[in-house]
Amino acid sequence: NGLCPEGKMCPGATAEPEPCAAGGYCPGASPFANPCPEGTFSDATGLSAEAQCEANVCPSGSACPKGSTAPTECYPGTVSLAGAGNCSLCAAGRFQMESGQSACVACLRVSYCAKGASAALPCPSGRYENGTMAALNWSMTSEDDCVRCPVGSFCTTGSIEPALCSPGMAQAEEEKGSCDPCTAGRFQGAHGESACL
């Protein structure tokens, strides 16, 4: 009987035009809905123009890929500004632990944040904060940025600096989370030693 009308779609041998599907628009003579542009969304059916999709701009903290019927909230470790088609990973040295956010935050002291981090991770046992980077306000971006604990000392998880082994204890290896007690028949009267006498 003629071309498919605006706001309708005619997918094949159609006796009765169907309403244009949600997430798209049908300008006329449409077999299927044209998807709403990236960064917009629509849950309404029967749209006839792209501008009707564009009236619904994706909010910040969410993503709207092409053809979206609703915004999708950004998950932890990702963020977006209004009108985004997808969420972006937090840059290395920053993190975001909450969903639906528009900005990442700087990594915490004594921690490192890889790209896309949803949490600031503390320097592991046997390592400590890189004081040079901290003094320059540079965030650590991987476990490798944490400094290896030297011999004669130990570093627990999240250490700012090494702690010297106490008298009666020693540590002969780097990157350890504790010191070893002197065995029977041996002693150590000083702090920060690598061996018992």
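Cys-64 is buried, at 0% relative accessibility, where buried means under 20% relative accessible area, exposed over 50%, and partly exposed in between, with a 1.4 Å probe and protein chains only.

First, the basis of the model. This is a predicted model, in which local features need pLDDT of at least 70 and side-chain atom pairs count only at pLDDT 80 or more, while totals for chains, interfaces and linings use all residues. Residues are numbered from 1 along each chain as its sequence is written, and side-chain values use heavy atoms, with hydrogens and water left out.

To return to Cys-64: a disulfide joins this residue to Cys-58, with an S to S distance of 2.1 Å. The term disulfide here denotes a pair of cysteine sulfur atoms within 2.5 Å. The torsion about the S-S bond of Cys-58 and Cys-64 is about 80°, so this disulfide is right-handed. Cys-58 is likewise buried, at 0% relative accessibility.

How many disulfides does the structure hold? There are 11.

Cys-123 lies in the loop between strand 12 (121-122) and strand 13 (127-128), and Cys-146 in the loop between helix 2 (131-135) and strand 14 (147-148), so the pair ties together parts that are 23 residues apart in sequence. Both ends are buried: Cys-123 has a relative accessible area of 0%, and Cys-146 is at 2%.

I used the words helix and strand just now. Helices (H or I, at least four residues) and strands (E, at least two) are DSSP runs, numbered from the N terminus. Along the principal axes, the C-alpha atoms fill a box of roughly 105 × 35 × 20 Å. Of the 197 residues in the chain, 33% are buried.

Let us now look at the surroundings of two residues. In the loop between helix 1 (50-54) and strand 5 (62-63) we find Gly-61, which is buried at 1% relative accessibility. Which residues does Gly-61 contact, leaving aside its neighbours within four places in sequence? They are Glu-73, Cys-74, Ser-80, Gly-100, Gln-101 and Ser-102, where contact means heavy atoms within 4.5 Å. The C-alpha atoms of Gly-61 and Cys-87, 26 residues apart along the chain, are separated by 7.7 Å.

Ala-63 is placed in strand 5 and is buried, at 7% relative accessibility. Beyond its neighbours within four places in sequence, its contacts include Cys-58, Pro-71, Thr-72, Cys-74 and Cys-87. Between Ala-63 and Gly-7, which are 56 residues apart in sequence, the C-alpha to C-alpha distance is 25 Å. For the chain, residues 24 or more positions apart account for 35% of the contacts with a separation of 6 or more.

Finally, a point on backbone geometry. Most residues other than glycine have a negative phi, and most peptide bonds are trans. Ala-29, although not a glycine, has a positive phi of about 55°. Ala-29 lies in the loop between strand 3 (24-25) and strand 4 (34-35) and is partly exposed, with a relative accessible area of 43%. Val-110 is not a glycine either, and has a positive phi of about 60°. Is Val-110 buried or exposed? At 13% relative accessibility, Val-110 counts as buried; its place is the loop between strand 10 (105-106) and strand 11 (111-112).
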